[in-house]
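Here is a short tour of a protein model, written for someone who likes to know the cut-offs behind each term. Have the sequence and the coordinates open as you read.

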Amino acid sequence: MENRSYPDGTQPSVEELNRTRKDRVAARKKAKKQQKRDRRRAQRKQAMASGKKRRRKVNKIALVFVLVVVVGFLVSARRIMNLRSENVKLKKQNQQLEEKRDELKDELKNVNSREYIEKRAREQLRLVNPDEIIFVFPNE
């Protein structure tokens with residue numbers, strides 16, 4: 001047997017010496033393939049880890065977007081409720097104004113009549129006919 005030693009100064013085992021050269025070459029190839037697989041796995045793990053970070057970032061962006069949409073919806077809903085209540089108030093006011101307009105139209109029809117003029121003179125100017133007597137009572 002020949003005297004072999006490794007660069008680190010250790011001696012090969014008997015089993016290693018008994019292997020054929022082909023076995024040693026095949027073992028080296030197998031080890032290289034395993035190293036390649038391990039490197040690829042490490043790269044994939046790294047890529048997946050950065051993908052998780054990317055997913056987290058995407059999730060945060062999606063969460064912010066959803067919050068903006070919800071806040072916008074709530075603001076719109078509140079504005080709609082305020083507009084509806086204002087609409088109800090304006091409808092009531094419109095109805096009151098229409099009633100007053102109808103009263104004024106009726107009053108306008110009677111403006112030129114003698115009874116209406118006399119009534120208004122009594123109410124606003126406190127006028128009386130010459131044969132009437134006025135009684136004034138102190139405020140209670």
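## Ground rules

Buried means under 20% relative accessible area, exposed means over 50%, and partly exposed lies in between (1.4 Å probe, protein chains only). The areas themselves come from the Shrake-Rupley method with a 1.4 Å probe, and for residues only the protein chains shown count as cover.

This is a predicted model, in which local features need pLDDT of at least 70 and side-chain atom pairs count only at pLDDT 80 or more, while totals for chains, interfaces and linings use all residues. Residues are numbered from 1 along each chain as its sequence is written, and side-chain values use heavy atoms, with hydrogens and water left out.

## Overall layout

The protein chain has 3 helices and 0 strands, where helices (H or I, at least four residues) and strands (E, at least two) are DSSP runs numbered from the N terminus. Read from the N terminus, the order of elements is α-α-α. Helix α2 covers residues 21-110, and helix α3 covers residues 114-125.

Of the 140 residues in the protein chain, 3% are buried. The chain exposes about 14,400 Å², with carbon and sulfur atoms supplying 55% of that area.

## Charged patches

Two charged patches deserve a look. Patches are made of residues with over 30% relative accessible area and no salt bridge, like charges being joined within 9 Å and nonpolar side chains (Val, Leu, Ile, Met, Phe, Trp, Tyr) within 5 Å. Lys and Arg count as positive and Asp and Glu as negative, while His and the chain ends are not counted. Each charge is placed at NZ of Lys, CZ of Arg, CG of Asp or CD of Glu.

The positive patch on the surface gathers Arg21, Arg28, Lys29, Lys30, Lys32, Lys33, Lys36, Arg37, Arg39, Arg40 and Arg44. One of these residues, Arg39, sits in helix α2. The negative patch is formed by Glu98, Glu99, Glu103 and Asp106. Glu98 also belongs to helix α2 and is partly exposed, at 36% relative accessible area.

A salt bridge here is a side-chain nitrogen of Lys or Arg within 4 Å of a carboxyl oxygen of Asp or Glu. By this rule the count is 6.

Arg41 and Asp38 form one, at 4.0 Å from N to O. The two residues are 3 residues apart in helix α2, so about one helical turn separates them. An α-helix has 3.6 residues a turn, so residues three or four places apart point the same way. Both partners are partly exposed: Arg41 has a relative accessible area of 46%, and Asp38 has 38%.

Helix α3 has 12 residues and reaches 16 Å from its first C-alpha to its last, close to the expected 16 Å; the expected span is 1.5 Å times one less than the number of residues. Arg120 is partly exposed at 28% relative accessibility, as is Glu123 at 45%. Glu107 joins Arg120 and Glu123 in a network of salt bridges.

Where does the partner of Arg122 lie? The side chains of Glu132 and Arg122 meet in a salt bridge at 2.7 Å, N to O. This pair links distant parts of the chain, 10 residues apart, with Glu132 in the segment after α3 and Arg122 in helix α3. Glu132 is partly exposed at 32%, and Arg122 is partly exposed at 31%.
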